[in-house]
Amino acid sequence: MNEMLSRAADRTVNVVRGIRDDQLGLPTPCIEYDVRTLVGHLSWVALLFEALARKEPMPPEDNEPDACESRVRGMVSAWSHQEAFEGESPTMGLPMTVVFQMALGDLVFHGWDLARATGQDYEVDTETAEAMAVYAEQMAPMARQNGVFGDEVAVAADAPPFDRALGLSGRDPGWKP
């Protein structure tokens, strides 16, 4: 599973590196965030999921965009240890395997958001696409209730797995700025 997270981290970090200064104010598929604030949010989320993997207290929210890459790498490192997947999160009360799926989902979905907003490619491998489709299907009701996912966007039943995952998460796979 950590190989999937590592691949997603590489894809997302490459997108973040490819963002130009003149793109920071652009809208994203996450309507509450522009590019700058979404990079900051992703930076904090990476720090959060690193702490959760280490079963440490949640860090204060700081949304520091310049720390995004190092925090994503720290998150991948924390999830590279088998004990990260064991038991329940003392903070969230969820199985650590679910917390891992949440971490992967945040990284992949927000990587896609940033790529779409800035005109970059974001190709998700088959294994990750299928994992995201299963995750989104399982978590969508709770995620919507908690304001993490938006309302479902209808996609064709025979759409590729990642497009179905995007739709379930409230994203339009055809979104353009």
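**Figure 1. Glu50 in helix α2****.** Glu50 counts as buried because its relative accessibility is 18%, where buried means under 20% relative accessible area, exposed over 50% and partly exposed in between (1.4 Å probe, protein chains only). The residue sits in helix α2. Helices (H or I, at least four residues) and strands (E, at least two) are DSSP runs, numbered from the N terminus. Glu50 touches Arg71, Gly74, Met75 and Ala78, with residues up to four places away in sequence not counted. Contact means heavy atoms within 4.5 Å.

The model is predicted: local features need pLDDT of at least 70, side-chain atom pairs count only at pLDDT 80 or more, and totals for chains, interfaces and linings use all residues. Residues are numbered from 1 along each chain as its sequence is written, and side-chain values use heavy atoms, with hydrogens and water left out.

**Figure 2. The whole chain, for orientation.** The chain has 6 helices and 0 strands. Read from the N terminus, its elements run α-α-α-α-α-α. A compact globule of 177 residues would have a radius of gyration near 16 Å, so the 15 Å of the chain agrees. That radius is taken over C-alpha atoms, and the globule rule is 2.2 Å times the number of residues to the power 0.38. The C-alpha trace spans about 40 × 40 × 30 Å along its principal axes. Of the 177 residues, 49% are buried. Take the contacts between residues at least 6 apart in sequence: 65% of them join residues at least 24 apart.

**Figure 3. Surface and charge of the chain.** The chain carries 14 positive and 29 negative side chains. The centres of the two sets lie 3 Å apart. Lys and Arg count as positive, Asp and Glu as negative; His and the chain ends are not counted. Each charge is placed at NZ of Lys, CZ of Arg, CG of Asp or CD of Glu.

**Figure 4. The largest nonpolar core****.** This core holds 59 residues. Phe49, Trp79, Phe109, Leu114 and Phe162 touch the most other members. Helices α1 (2-17), α2, α3, α4, α5 and α6 each supply at least two residues. The largest share, 14 residues, comes from α4. A nonpolar core is a set of buried Ala, Val, Leu, Ile, Met, Phe, Trp, Tyr and Cys residues joined through side-chain atoms within 4.5 Å. In soluble globular proteins, nonpolar side chains tend to be buried together.

**Figure 5. Contacts of Trp79****.** Residues up to four places away in sequence are not counted here. Trp79 touches Asn2, Leu5, Phe49, Ala53, Ala84, Phe85, Met96, Val99, Phe100 and Ala103. Trp79 and Phe49 are both among the core members with the most core neighbours.

Figure 6. Most residues other than glycine have a negative phi. Lys55 has a positive phi, near 60 degrees. Asn63 also has a positive phi, near 45 degrees. Lys55 is partly exposed, at 33% relative accessibility. Asn63 is partly exposed too, at 31%.

**Figure 7. Ala117 in helix α4****.** Ala117 is buried, with a relative accessible area of 3%. Leaving aside neighbours within four places in sequence, Ala117 contacts Leu26, Pro27, Thr28, Val35, Trp175 and Pro177. Pro95 is 22 residues away along the chain, and its C-alpha is separated from that of Ala117 by 33 Å.

**Figure 8. Helix α6 and Leu166****.** In α6 (residues 161-168), Phe162, Ala165, Leu166, Gly167 and Leu168 are buried. Their cover includes α4 (96-118) and α5 (126-145). Leu166 has a relative accessible area of 1%. Its contacts, leaving aside neighbours within four places in sequence, are Phe109, Trp112, Arg171 and Pro173. Leu166 and Val155 are 11 residues apart in sequence and 8.9 Å apart in space, C-alpha to C-alpha. Just after α6, Gly170 takes a positive phi of about 95 degrees.
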